[in-house]
Amino acid sequence: MKVLITGGAGFVGANLAIALKESFENCEVLALDNLYRKGSGLNLPRLKRHGVKFIRGDVRNPKDIETAAGADFLVECSAEPSVLAGKDGGTDYLVGTNLYGAVNCAEFCRRHGTSMIFLSTSRVYPIAPLLKCAIRKGRRRFDFAEKQNVQGLSPEGVSENFPMQGARSLYGATKYAAETVLLDYADAFGFKLVIDRFGVIAGPWQFGKADQGIAPFWLAAHIFGKKLNYIGFDGKGRQVRDFLHIDDAARLIIMQMRNPAKFAASGNGFDGRIFNAGGGRGNSASLLELTDLCREVSGRKVEIGSVSETRYADIPIYISDSSRLQSTCAWRPKKSVLRILQDIHGWISGTPEAKAVFK
Ligand SMILES: NC(=O)c1ccc[n+]([C@@H]2O[C@H](COP(=O)([O-])OP(=O)(O)OC[C@H]3O[C@@H](n4cnc5c(N)ncnc54)[C@H](O)[C@@H]3O)[C@@H](O)[C@H]2O)c1
């Protein structure tokens with residue numbers, strides 16, 4: 001089997017590439033990346049050690065993707081993944097990579113009959129209906145109320161039936177537009193496509209920043225004694241997300257690749273379907289709760305300020321309802337938020353290159 005991972009030196013791409021090498025015998029894995037993300041270059045020695053071939057290339061350039069001709073699968077993990085991207089500057093890079101880059105990947109799949117797994121995001125769900133949800137405001141966290149008037153929403157979280165009208169951030173819009181085009185490409189040209197809408201994914205080798213990769217960012221601030229801020233929603237740190245360990249995300253993608261019967265059945269199983277995939281209610285935490293866990297794992301406390309003003313495209317709570325996925329297959333997230341932070345802590349403490357990025 002030959003697999004091309006675009007964005008293959010990034011957090012998800014590199015961890016998935018290594019997991020593939022460990023899971024399949026005789027699997028050639030190609031990681032294509034332009035090293036745009038700070039820290040991605042640090043994955044190259046790891047990829048090499050595990051026998052993953054690195055291609056320095058850009059998804060905006062079809063010729064670069066073509067160097068992987070003959071791939072059985074293309075897993076599209078490249079992106080400008082910040083929810084703030086494009087807001088205060090040019091949108092060229094964001095649209096060029098997230099939308100046109102994904103279309104270039106689909107063109108590759110069309111030409112070569114390659115199957116595609118597209119890493120989409122919970123950020124495709126629009127903000128206005130998310131802000132309209134009934135929320136229970138607890139002292140330490142927000143929760144979805146039992147009774148909701150919005151379709152596709154329950155205390156378990158947001159399902160794929162959630163309304164799709166409304167602005168969703170430039171990042172979310174590029175991913176949603178890519179999903180739409182890919183679905184039609186797969187339908188028109190007959191290649192297999194899986195779209196996974198992931199909630200927050202976290203784990204080792206994630207070079208997190210305030211606007212993307214909150215778990216390592218928050219923990220690293222504890223380890224290195226840096227001041228943090230609770231931003232938005234009264235500045236009290238009650239906003240909630242669900243967290244999925246990178247190992248659980250990689251296990252899902254590998255399961256989707258391993259299951260050709262489900263995968264090939266047109267209109268059934270995984271083919272052409274969209275799935276929410278996240279840690280779920282049981283693996284969700286508010287920033288306040290994340291702080292408690294970071295204190296426990298790092299053994300340190302840091303000063304945390306408060307900024308009441310809410311940032312562009314921010315939402316008070318997002319939890320993935322993955323029941324469609326879970327009724328289709330046996331996948332369940334296994335690793336807790338605490339375990340995610342312990343694994344990140346082990347990685348940062350034991351990796352000088354990681355320390356240098358976060359310090
Ligand atoms: N990490 C999360 O919480 C999360 C959640 C939902 C969805 N996703 C999606 O998963 C995918 C992977 O995200 P990640 O967290 O690994 O981000 P990341 O930034 O770590 O990885 C993305 C990689 O793509 C590369 N890249 C950027 N522009 C490129 C281009 N034009 N050509 C080639 N490579 C390019 C970057 O250098 C980086 O290595 C993205 O599609 C993202 O939208 C991530």
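## Helix packing

Helix α10 (residues 287–298) and helix α12 (residues 337–350) pack at about 45 degrees, with axes 10 Å apart. These two helices are therefore oblique to each other. Axes are lines fitted to C-alpha atoms, over the stretch in contact for helices, and angles run from 0 to 180 degrees between N-to-C directions. The crossing of α10 and α12 is right-handed, meaning that the near helix is turned clockwise from the far one by less than a right angle.

Helix α10 also packs against α7 (residues 214–223). Their axes come within 9 Å and cross at roughly 50 degrees, so α7 and α10 are oblique. This crossing, too, is right-handed. A further pair is α1 and α8 (residues 246–258), whose axes come within 9 Å and cross at roughly 55 degrees. α1 and α8 are therefore oblique to each other, and α1 passes α8 in a right-handed crossing.

## Model basis

This is a predicted model: local features need pLDDT of at least 70, side-chain atom pairs count only at pLDDT 80 or more, and totals for chains, interfaces and linings use all residues. Residues are numbered from 1 along each chain as its sequence is written, and side-chain values use heavy atoms, with hydrogens and water left out.

## Ligand shell

The ligand is surrounded by 32 residues (a heavy atom within 4 Å). D33, S40, Y93, Y171 and K175 are the closest. By class, the shell holds 15 nonpolar, twelve polar and five charged residues. Tyr counts as nonpolar here, and Gly as polar.

Several elements, taken from DSSP runs (helices H or I, at least four residues; strands E, at least two), supply at least two shell residues each. They are α1 (11–23), α4 (92–112), β5 (115–121), α6 (170–189) and β11 (200–202). β5 gives the most, with three residues.

S40 places a polar side-chain atom 2.7 Å from a ligand oxygen. Y36 uses its backbone: an N or O atom there lies 3.0 Å from an oxygen atom of the ligand.

How much of the ligand's accessible area does the protein cover? The protein covers 97% of the 820 Å² that the ligand has on its own (Shrake-Rupley method, 1.4 Å probe).

Key:
Polar contact = N/O pair within 3.5 Å; in protein donor to acceptor, adjacent residues only side chain to side chain. Parallel < 35°, antiparallel > 145°, perpendicular 65-115°, else oblique.
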